[in-house]
Amino acid sequence: KKLQSQVLTQQVRLYACCARLQVQTDDEALHDLRIALRKLRSLLRPLRRQQLCAQLEQAAAALGEISGPLRDLEVLIGELQRLGHADLARQRRTHLTQGYARLLDSLALQRLFILLDDWPDNCREALGQGEWQVGRKRVRKYLANQAQQLATALRDPAHDRHRLRLLIKRLRYCAEAYPRHSDLSANCLSGLRLAQGALGDWHDHLQWLTRLPSEPDLQPCAPLWQQRLDDAEQHADQALQALCDYFPAD
């Protein structure tokens, strides 16, 4: 029942975010929508052996995938405005507005809301048939597995920062979704947040620089972004090194 109520909480948030996107009252609607999706997936991911959880998690993942490039564009527009390139920002704002409309009309969003609307009845039916198992053991096993994957990846000499960022996000958000089942200390969670933030900064600057060949009007920003990318790499690597203390090798 607690899981069902938590899923309902995220459903209400998603509806509210879509309403905000529709009327475009603020610049945080898409960001908040993606946070709600992330929390929903973190609740469901350890329980994907249950068909109901797997279907809903996959639908949330699909919407997260199509909304990602839109969020990247939002962040770029904000960066251009901060740097005083109002014209460059304005030129991209039209594409962003069109992207909002496509997202709101997407099959991915419709499918997610259909599954969320059916969720309470489907859960009751599964309970009645004895199919529903939301076990503490399963969540703890998932968290332990994610921690082990992260420990291994941190020590890979050819580590992929993109993969490390993904592993950190999965572990952190699941631990926050199930705090009673997590053994991670407050300091460890703080270290995960710091590393994720540093990797996010690195990702943003790398992504902006990769746009240059197809968007040459961004060239005036390139020297600053390259300098910041180099700094972000150093900060990220330092934060990742610090995480090794919390995730020892076997």
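The model is predicted, so local features need pLDDT of at least 70, side-chain atom pairs count only at pLDDT 80 or more, and totals for chains, interfaces and linings use all residues. Residues are numbered from 1 along each chain as its sequence is written, and side-chain values use heavy atoms, with hydrogens and water left out.

Start with the aromatic rings. A pair of aromatic rings is described by the distance of the centres and the angle of the planes. Rings of Phe, Tyr and Trp (its six-membered ring) pair here if their centres lie within 6.5 Å; planes under 30 degrees apart are stacked, those over 60 are edge-to-face, and the rest are tilted. Two aromatic pairs come out of this rule. Tyr15 and Phe113 make a stacked pair, with 4.2 Å from centre to centre and 10° between the planes. This pair links distant parts of the chain, 98 residues apart: Tyr15 is in helix H1 (residues 2-23) and Phe113 is in helix H5 (residues 107-128). Helices (H or I, at least four residues) are DSSP runs, as are strands (E, at least two), and they are numbered from the N terminus. Tyr15 is partly exposed, at a relative accessible area of 37%. Phe113 is buried, at 10%. Buried means under 20% relative accessible area, exposed means over 50%, and partly exposed is in between (1.4 Å probe, protein chains only).

Trp208 and Trp225 also form an aromatic pair, and this one is tilted: 5.1 Å centre to centre, with 40° between the planes. Trp208 sits in helix H8 (residues 186-210) and Trp225 in helix H9 (residues 222-243), so the pair ties together parts 17 residues apart in sequence. Trp208 is buried, at 3% relative accessibility. Trp225 is buried too, with a relative accessible area of 0%.

Which residues does Glu79 touch? Leaving out residues up to four places away in sequence, Glu79 touches Trp208, Trp225 and Arg228. Contact means heavy atoms within 4.5 Å. Glu79 lies in helix H3. Glu79 counts as buried, at 4% relative accessibility.

Arg92 is another charged residue to look at. Arg92 is found in helix H4 (residues 86-104). The relative accessible area of Arg92 is 7%, so this residue is buried. Its contacts, not counting residues up to four places away in sequence, are Leu73, Leu76, Ile77, Leu80, Glu215, Asp217 and Leu218.

Now the cysteines. The structure holds zero disulfides. A disulfide is a pair of cysteine sulfur atoms within 2.5 Å. Cys17 is buried, with a relative accessible area of 4%. For Cys188, the closest cysteine sulfur is in Cys244, 12 Å from its own sulfur and too far for a bond. Cys188 counts as buried, at 3% relative accessibility.

On a 1 Å grid over the protein atoms alone, a cavity is a set of points where a 1.4 Å probe fits but cannot get out, while a pocket is an open set with protein on both sides within 12 Å along at least five of seven lines; lining residues have an atom within 4 Å of a point. Grid points are joined across faces, edges and corners, and a volume is the space filled by probe spheres set on the points.

The largest pocket has a volume of about 1,000 Å³. It is lined by 32 residues, and the closest to its centre are Arg34, Arg38, Arg165, Lys169 and Tyr173. Helix H2 (29-44), helix H3 (51-82), helix H7 (161-177) and H8 each give two or more residues to this lining. H3 provides the largest share, 10 residues. By class, the lining of the largest pocket has nine nonpolar, 10 polar and 13 charged residues. Ala, Val, Leu, Ile, Met, Phe, Trp, Tyr, Cys and Pro count as nonpolar; Asp, Glu, Lys and Arg count as charged; the others, Gly among them, count as polar.

A search of the whole structure finds one cavity of 30 Å³ or more. The largest cavity holds about 30 Å³ of space. Leu52, Gln55, Leu56, Leu115, Trp119 and Asn122 line it. H3 and H5 each supply at least two residues of that lining. The lining of the largest cavity has four nonpolar, two polar and no charged residues.

Last, a backbone detail. Most residues other than glycine have a negative phi. Gln24 has a positive phi of about 55° although it is not a glycine. Gln24 is found in the loop between H1 and H2. Gln24 is partly exposed, with a relative accessible area of 40%.
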